[in-house]
Amino acid sequence: MTTEPLVLDGFLDEETVPGDLHGSTARLRLTVSPTDERTDEMILPCTVTDPELAHVVIHDLVPGDKLRVTGYLQLPRTPDEPMWLVVATLAVLETAPLLTDPAADATAVLERYGPYLCWLDADTPDVEVFTTTGAWVGTAPEPNAISELLEAFEQRQAAGGE
């Protein structure tokens, strides 16, 4: 029985880590969001076992990079085992913007929260929020209120049948 590999596009969730002491394997977490629905989003743990690809993953990727990974899903055999993707190939579709010192270089930051984009301006506590498709969500009075704004928006969307 042959198994077809999965091909997934997603964003590198956080810094990659070596999978062993020698750096011949690597581990990463990929945020996969096939639709604009927040409930469809998942974070998938991935393992890279090819030493050359592991070196690239450890040294060249940064959080926020958009990746296309091809690999084989490893399902748990017992309740205490995790599910993960064994990566065979990896391509960088878009690199994340590099900010050496955001306070010195920028007065505003664009943050991604799943299917949402938040515009944080250093000159005001307000946070402008949009969907990744460009639809207006609203303005949060401060960064700590973003989750309340998103929850209210999603409730309005569900009530509207969208």
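**Figure 1. Cover over the buried residues of helix H1 in the predicted model.** Strand S2 (17-18), strand S3 (26-32), strand S4 (42-48) and strand S6 (84-94) are among the elements that cover the buried residues of H1. The helix itself spans residues 51-60, and its buried residues are Leu-53, Ala-54, Val-57 and Ile-58. Viewed down the axis of H1, these buried residues fall within an arc of 130°, so they line one face of the helix. Glu-52, His-59 and Asp-60 lie on the other side of H1 and are exposed.

**Figure 2. The aromatic pair of Tyr-116 and Phe-153.** Two aromatic pairs are counted in the model. In this one, the ring centres of Tyr-116 and Phe-153 are 6.1 Å apart and the ring planes meet at 85°; because an angle over 60 degrees counts as edge-to-face, the pair is assigned to that class. The pair links distant parts of the chain, with Tyr-116 in strand S8 (residues 116-121) and Phe-153 in helix H3 (residues 146-159), 37 residues apart. Tyr-116 has a relative accessibility of 4% and counts as buried. Phe-153 is likewise buried, its relative accessible area being 9%.

**Figure 3. The aromatic pair of Phe-130 and Trp-136.** The rings of Phe-130 and Trp-136 are also arranged edge-to-face, with a centre-to-centre distance of 5.1 Å and an angle of 70° between the planes. Phe-130 counts as partly exposed, at 31% relative accessibility. Trp-136 is partly exposed as well, with a relative accessible area of 46%.

Figure 4. The C-alpha atoms fill a box of roughly 50 × 45 × 30 Å along the principal axes. Of the 162 residues in the chain, 27% are buried. Among contacts between residues at least 6 apart in sequence, 42% join residues at least 24 apart. The accessible surface of the chain amounts to about 10500 Å², and carbon and sulfur atoms account for 54% of that surface.

Note on methods:
Residues are numbered from 1 along each chain as its sequence is written. This is a predicted model: local features need pLDDT of at least 70, side-chain atom pairs count only at pLDDT 80 or more; totals for chains, interfaces and linings use all residues. Side-chain values use heavy atoms; hydrogens and water are left out. Buried means under 20% relative accessible area, exposed over 50%, partly exposed in between (1.4 Å probe, protein chains only). Contact means heavy atoms within 4.5 Å. Accessible areas come from the Shrake-Rupley method with a 1.4 Å probe; for residues, only the protein chains shown count as cover. Helices (H or I, at least four residues) and strands (E, at least two) are DSSP runs, numbered from the N terminus. The arc is that of the directions from the helix axis to the C-beta atoms. Rings of Phe, Tyr and Trp (its six-membered ring) pair if their centres lie within 6.5 Å; planes under 30 degrees apart count as stacked, over 60 as edge-to-face and the rest as tilted.
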